[in-house]
Amino acid sequence: MRRSYRGFSLIELLVVIAIIAILAAIIFPVYARAKLAAYRSSDISNLNSIRNALQLYRADQGAYPPALLGYATLYAGTGSGVVPADALRSFLYTRRVESLEVFRPALNRPKLDSITTAFWPTSDPRGIGSAPVVDTNGDGQITAADDTLGARQAYSGTTVLRSWGGHFDPNQDVDGVGNVGTQFPAYFYNVSGYDIGNVPTGPGNSMRPELRYAMFWSNYAIGSGAGFGAGSLNDDPRQLGYSEPPENTVITWDTYFRDYGNGLQRAKNDIVLFLGGAAKPFDSVDLSDRSWRVTP
């Protein structure tokens with residue numbers, strides 16, 4: 001008896017391939033969105049862990065730390081190398097936060113000894129007196145009188161500096177990279193994505209690290225000139241360096257989920273951690289424009 005063998009025809013094969021392609025086009029974006037959602041949930045959980053650790057630190061020390069993970073540390077003999085982040089014993093790590101992953105956003109994967117200088121975020125572009133956010137003068141009302149230069153962000157786009165506090169010779173290159181003087185650029189671990197965070201310098205441009213966590217940020221608190229730099233009763237109280245900052249004080253934020261497309265897109269892709277509550281989604285454009293001046 002003769003057996004008849006029949007294979008797929010070309011049309012049938014093309015139909016199967018088309019069906020597989022359609023299914024893949026449907027499944028892959030869904031999988032990508034699910035993966036991104038899982039990353040966001042992980043970052044929100046880690047931010048909430050940081051908030052809890054900060055409260056424990058404040059209960060012990062009476063104030064909040066100057067940085068979350070901490071400033072980059074050099075081995076003995078300046079310029080000889082960087083202490084890896086996992087070898088630190090910093091403000092929160094390892095006593096109050098046991099895992100270094102808490103400080104590392106899900107989409108942030110630098111080496112543990114990778115360090116960088118950072119820049120201050122862009123200051124609020126709205127005119128002075130046009131955008132009051134809190135009652136700074138204590139009259140019980142939020143009016144234009146509460147929106148003054150002194151209570152606005154002191155620096156914008158400039159390098160974040162640290163001071164040696166007079167403990168070293170101001171003519172000595174203390175940090176070993178050519179900086180001489182009583183102030184020098186602050187060096188942060190790239191792994192600490194909530195001390196600093198990378199943002200594009202413009203459409204299609206390279207990334208640069210911007211400051212996220214700061215004790216003080218207003219002119220009254222850290223600026224220069226007469227009446228600035230020493231604090232003020234009329235300053236914005238939502239700064240971690242002041243005693244008893246209110247619950248709507250910004251601790252830090254996560255910008256790794258932003259959609260830049262043709263410029264920064266207005267969507268709740270950022271995550272902001274406020275002092276009085278859990279981390280929450282926030283509009284990327286508003287946060288980019290206002291930094292620490294945003295409110296829940």
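Tutor: Accessible areas come from the Shrake-Rupley method with a 1.4 Å probe, and for residues only the protein chains shown count as cover.
Student: How much accessible surface does the protein chain have?
Tutor: About 15700 Å², and 55% of that belongs to carbon and sulfur atoms.
Student: Where does this model come from, and how is it read?
Tutor: It is a predicted model: local features need pLDDT of at least 70, side-chain atom pairs count only at pLDDT 80 or more, and totals for chains, interfaces and linings use all residues. Residues are numbered from 1 along each chain as its sequence is written, and side-chain values use heavy atoms, with hydrogens and water left out.
Student: Which helices and strands, and how many?
Tutor: The protein chain has 3 helices and 9 strands. These are DSSP runs numbered from the N terminus: helices are H or I with at least four residues, strands E with at least two. Along the sequence the pattern is α-β-β-β-β-β-β-α-β-β-β-α.
Student: What order do the strands take in the open sheet?
Tutor: Its 3 strands run β7-β8-β9, with antiparallel pairing. The edges are β7 (250-254) and β9 (280-282), each pairing on one side only. Two strands pair if DSSP finds at least two bridges between them.
Student: How many bridges join β7 to β8?
Tutor: There are 4, and β8 covers residues 270-274. V250 stands opposite F274 in β8.
Student: New topic. Is P105 buried or exposed?
Tutor: P105 is buried, at 0% relative accessibility. Buried means under 20% relative accessible area, exposed over 50%, and partly exposed in between (1.4 Å probe, protein chains only).
Student: Where is P105, and what does P105 touch?
Tutor: P105 sits in the loop between α1 (10-61) and β1 (115-116). Leaving out residues up to four places away in sequence, P105 touches D43, V191, G193, Y194, D254 and Y256. Contact means heavy atoms within 4.5 Å.
Student: How far is P105 from L47?
Tutor: They are 58 residues apart in sequence and 9.2 Å apart in space, C-alpha to C-alpha.
Student: And N190, buried or exposed?
Tutor: N190 counts as buried because its relative accessible area is 14%. N190 lies in the loop between β4 (188-189) and β5 (196-200). Beyond neighbours within four places in sequence, its contacts include N108, P110 and I196.
Student: What share of the protein chain is buried?
Tutor: Of its 296 residues, 39% count as buried.
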